[in-house]
Amino acid sequence: MAWRRVSRADDPDAYLRRILVNTSHRRFRRRRVTEQPGDPPDTPVEGPADLVGERAALLAALHQLPPRQRAVIVLRYWQDLTDAQIAATLGCSPGTVRSQLSRALAKLRVSPALREGDDR
């Protein structure tokens, strides 16, 4: 059973994060993204349609990133992990994490999927 492997691991949290990263890779390889219900946002939005449009644009922009850059973005901003934790999860150095994060953010800043709805 998989839970036995998790409980025997040196760092069960890192083991579970690695499972999430691998699952995420498989999910994006299939190119099928499903909506999962979650907690309501802390800040009010103009309407549910606006939220769905922003989420779709973000997912489209993330899908355009290479897998490692996408993983670094998700682990940093959704999982709120440090460089060292991300490096341990992905099996790379903290410097690689910082460079991949920098490159990913630069690509997201100029992403057409995210710029379409920008009124600035």
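## Surface and burial

In this predicted model, the protein chain has an accessible surface of about 8800 Å². Carbon and sulfur atoms contribute 53% of that surface. The chain has 120 residues, and 28% of them count as buried.

## Fold

The secondary structure consists of seven helices and zero strands. Read along the sequence, the pattern is α-α-α-α-α-α-α.

Contacts in the chain can also be sorted by how far apart the two residues are in sequence. Among contacts with a separation of 6 or more, 54% are between residues 24 or more positions apart.

## Gln 69

Gln 69 belongs to helix 4, which covers residues 67–77. Its relative accessibility is 5%, and because buried means under 20%, Gln 69 counts as buried.

Leaving aside residues up to four places away in sequence, Gln 69 touches Gln 100, Arg 103, Ala 104 and Lys 107.

## Salt bridges

The count of salt bridges in the model comes to two. One is formed by the side chains of Arg 76 and Asp 83, at 2.0 Å from N to O. The other pairs Asp 83 with Arg 98, where the closest N and O atoms are 3.4 Å apart. Asp 83 lies in helix 5 (residues 83–90) and Arg 98 in helix 6 (residues 94–109), so this pair ties together parts that are 15 residues apart in sequence.

Note on methods:
Residues are numbered from 1 along each chain as its sequence is written. This is a predicted model: local features need pLDDT of at least 70, side-chain atom pairs count only at pLDDT 80 or more; totals for chains, interfaces and linings use all residues. Side-chain values use heavy atoms; hydrogens and water are left out. Helices (H or I, at least four residues) and strands (E, at least two) are DSSP runs, numbered from the N terminus. Buried means under 20% relative accessible area, exposed over 50%, partly exposed in between (1.4 Å probe, protein chains only). Contact means heavy atoms within 4.5 Å. Accessible areas come from the Shrake-Rupley method with a 1.4 Å probe; for residues, only the protein chains shown count as cover. A salt bridge is a side-chain nitrogen of Lys or Arg within 4 Å of a carboxyl oxygen of Asp or Glu.
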